[in-house]
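Good morning, and thank you for coming.

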Amino acid sequence: MARFRRIEVLDTVLKTGLVPVFYHPDPKTVLDVARACARGGSRIIEFTHRGDGAHRVFEELVAFAAREAPDLIVGVGSIGDPYTAALYLAAGANFVVGPVLNPDVARLSNRRKVAYMPGCGSATEVAAA
């Protein structure tokens, strides 16, 4: 379950102007990157869904943030379908980023009151989002 309200997530994105995005299969490396981002002043990070078992690494990242960096907002990226989104939302994602607009992911995120940021390439896609 998300620890931050979606308005706080979106406000943090706007205020920060930069969201560090990364993936690594090794949990220790991921936690080291998260620590460095938090120490460097970032309040928000995006872990990309890549590779087998990425959701398990994400779970460790969420637990780390709750324990050691309580102001750090952790979200997930590269989400293209609602099943994968549901997996990460259950693990504690505070926002979901997709490479394209997926209406099912949008509905799921909205039901869970979590920010959804899809990639859009045209005015029509922006209007639909």
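Is Tyr-88 buried or exposed? Tyr-88 has a relative accessible area of 0%, and residues under 20% count as buried, so Tyr-88 is buried. Please keep in mind throughout that we are looking at a predicted model.

A pair of aromatic rings is described by the distance of the centres and the angle of the planes. The count of aromatic pairs in this model comes to 4. One of them joins Tyr-23 and Phe-47, whose ring centres are 5.5 Å apart, with 55° between the planes, and this pair is tilted. In the chain, these two partners are 24 residues apart, and the pair links distant parts of it. Tyr-23 belongs to the loop between strand 1 (21–22) and helix 2 (27–39), while Phe-47 belongs to strand 2 (residues 44–48).

How exposed are these two rings' residues? Tyr-23 has a relative accessible area of 25%, so Tyr-23 is partly exposed. For Phe-47 the relative accessibility is 0%, and Phe-47 therefore counts as buried.

A further pair brings us back to our opening residue. Phe-58 and Tyr-88 are 5.1 Å apart from centre to centre, with an angle of 75° between the planes. Pairs with planes over 60 degrees apart count as edge-to-face, so the pair of Phe-58 and Tyr-88 is edge-to-face. Here, too, distant parts of the chain are linked: Phe-58 lies in helix 3 (residues 54–68) and Tyr-88 in helix 4 (residues 82–91), 30 residues apart. Phe-58 counts as buried because its relative accessibility is 0%. Ring pairs also gather Phe-22, Tyr-23, Phe-47, Phe-58 and Tyr-88 into a cluster.

Two packed helices are described by the angle between their axes and the distance between the axes. At what angle do the axes of helix 3 and helix 4 cross? They cross at roughly 25° and come within 9 Å. Angles under 35 degrees count as roughly parallel, and helix 3 is therefore roughly parallel to helix 4. The crossing of these two helices is right-handed. On the side of helix 3, the contact is made by Ala-54, His-55, Phe-58, Glu-59 and Val-62; on the side of helix 4, by Leu-87, Tyr-88 and Ala-91.

If we leave aside neighbours within four places in sequence, Val-62 is in contact with Val-74, Ala-91 and Gly-92. By comparison, the C-alpha atoms of Val-62 and Gly-98 are separated by 19 Å, and these residues are 36 apart along the chain.

Helix 3 also packs against helix 2, at an angle of about 40° and with the axes 10 Å apart. Helix 2 and helix 3 are therefore oblique to each other. Their crossing is right-handed. Helix 2 contributes Pro-27, Val-30, Leu-31, Ala-34 and Arg-35 to the contact, and helix 3 contributes Val-57, Glu-60, Leu-61, Phe-64 and Glu-68. Which classes do these residues fall into? In the contact of helix 2 with helix 3 there are 7 nonpolar, no polar and 3 charged residues.

Let me return to helix 4 for one more residue, Thr-84. Thr-84 has a relative accessible area of 15%, so Thr-84 is buried. Not counting residues up to four places away in sequence, Thr-84 touches His-49 and Ile-79.

Ser-78 sits in the loop between strand 3 (73–77) and helix 4. Its phi is near 65°, a positive value in a residue other than glycine. With a relative accessible area of 29%, Ser-78 is partly exposed. Lys-113 sits in the loop between helix 5 (103–111) and strand 5 (115–118). The phi of Lys-113 is near 60°, again a positive value in a residue other than glycine. At 56% relative accessibility, Lys-113 counts as exposed.

Thank you for your attention.

Notes: Residues numbered from 1 in each chain as written. Predicted model: local features only at pLDDT ≥ 70, side-chain atom pairs only at ≥ 80, totals over all residues. Heavy atoms only, no water. Phe/Tyr/Trp six-rings, centres within 6.5 Å; stacked < 30°, edge-to-face > 60°. Helix = DSSP H or I, 4+ residues; strand = E, 2+ residues; numbered from the N terminus. Buried < 20%, exposed > 50% of the residue type's maximum accessible area, 1.4 Å probe, protein only. Axes fitted to C-alpha atoms, helices over the stretch in contact; angles between N-to-C directions. Parallel < 35°, antiparallel > 145°, perpendicular 65-115°, else oblique. Left-handed = near helix turned anticlockwise from the far one by under 90°. Contact = heavy atoms within 4.5 Å. Nonpolar A, V, L, I, M, F, W, Y, C, P; charged D, E, K, R; others polar.
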